[in-house]
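Q: I'm new to this one. Can you put it up and walk me through a few spots?

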Amino acid sequence: METAQRGFRAGMAQILVEGGRPDANLGRAVRAVGEAASRGCRLVVLPECLDLGWTDPSARDLARAIPGPHAERLAQAAGEHRIHVAAGLVERAGDRLYNAAVLIGPEGRILLHHRKINELDVALGLYAVGDRLGVVETDLGTIGLAICADNFGRSLAIGHVLARMGAQVILSPSAWAVDADHDEDREPYGGLWLDSYAELARLYDVAVVGVSNVGRISGGPWSGRKVIGRSLAMGPGGVVLARGPYGERAEALVDVEISPRPPIARGTAIAEALEARGYRGV
């Protein structure tokens, strides 16, 4: 498929996620898909583990396969509204659980399936380490998937690989949690993501979109912490395109215009282009 270079509107769907309540959570996700489509968005990005909540123990009983019923609800919404949907889901695969994400096309078909690689240590008792990384060509451009901490500075090799595979846009379902008493005025949230997204955007001219849910974590190792949105879209060159509001009740659908740029040419041209931009890594 020949990828487009024209810009498009995307929706960052910062929805409430409640631990162990898949029907309610998926219902909010489906409504966000419809609202984004009604605003003229061609893509909507949803949070990490949106069906069950990140590290919620209910996953041991309630996680479903991909493809499966949870992914199918999102696929039906994507097909009904003719929109691309990126979403994080908890996946059951045999005797393993994965923190997974899918990109669904406007025909309601799964185009890309990612499993989180850089899972936090506290989550490894529940989720297995991911085993795949890929990109897909769409009429929006070439898209890659990562999940939350996959984009930490210490694991940014994942983003480097996606960019070198030709990704023009990297989508990152996330769950950005802070201590229950975190004070946004005293310690503004998001510096980590601004730094890591900017490195990829500056080096490779990619756009990076990270979308977090909101709400309280009610189970698992981080029970009691709050997830605070503050979703972030960064464009080529490291320009901040949009940010979501902060807070455990800060549900929002934030529109952002994304203009993909041609990917850096493969082969030796990659090294030359990166050196010209000051990068000396591997």
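**A walk through the model**

A: Start with Gly238, which sits in the loop between β13 (232–235) and β14 (239–243). Strands here are DSSP runs of E with at least two residues, helices are runs of H or I with at least four residues, and both are numbered from the N terminus. This is a predicted model, where local features need pLDDT of at least 70 and side-chain atom pairs count only at pLDDT 80 or more, while totals for chains, interfaces and linings use all residues. Residues are numbered from 1 along each chain as its sequence is written, and side-chain values use heavy atoms, with hydrogens and water left out.

Q: What is the relative accessible area of Gly238?
A: The value for Gly238 is 26%, so this residue is partly exposed. Buried means under 20% relative accessible area, exposed means over 50%, and partly exposed is in between (1.4 Å probe, protein chains only).

Q: Which residues does Gly238 touch, not counting those up to four places away in sequence?
A: Ala198, Ala201 and Arg202. Contact means heavy atoms within 4.5 Å.

Q: And how many Å apart are Gly238 and Val85 in space?
A: They are 24 Å apart, C-alpha to C-alpha, and 153 residues apart in sequence.

Q: New topic, the core. Which residues touch the most other members of the largest nonpolar core?
A: Trp54, Leu103 and Leu171, in a core of 65 residues. Helix α5 (residues 191–204) gives the most to this core, six residues. A nonpolar core is a set of buried Ala, Val, Leu, Ile, Met, Phe, Trp, Tyr and Cys residues joined through side-chain atoms within 4.5 Å. Another core, of 26 residues, lies apart from the largest one, and Ala36, Cys41, Ala75 and Ile104 are among its members.

Q: What is Leu171 in contact with, neighbours within four places in sequence aside?
A: The contacts of Leu171 include Leu43, Val45, Ala86, Leu103 and Val209. Ile143, Gly144, Leu145 and Ala146 are also in contact with Leu171.

Q: Backbone next. Where is the cis peptide bond?
A: Between Ile66 and Pro67, with omega about -5°. Pro67 is in the loop between α2 (59–62) and α3 (69–81).

Q: What about Cys49, buried or exposed?
A: Cys49 is buried, at a relative accessible area of 0%. Its phi is positive, about 45°, although Cys49 is not a glycine. Cys49 lies in the loop between β2 (43–45) and α2.

Q: And where is Cys148?
A: In the loop between β7 (141–145) and α4 (157–164). Cys148 has a positive phi near 40° and is a residue other than glycine. At 8% relative accessibility, Cys148 counts as buried.
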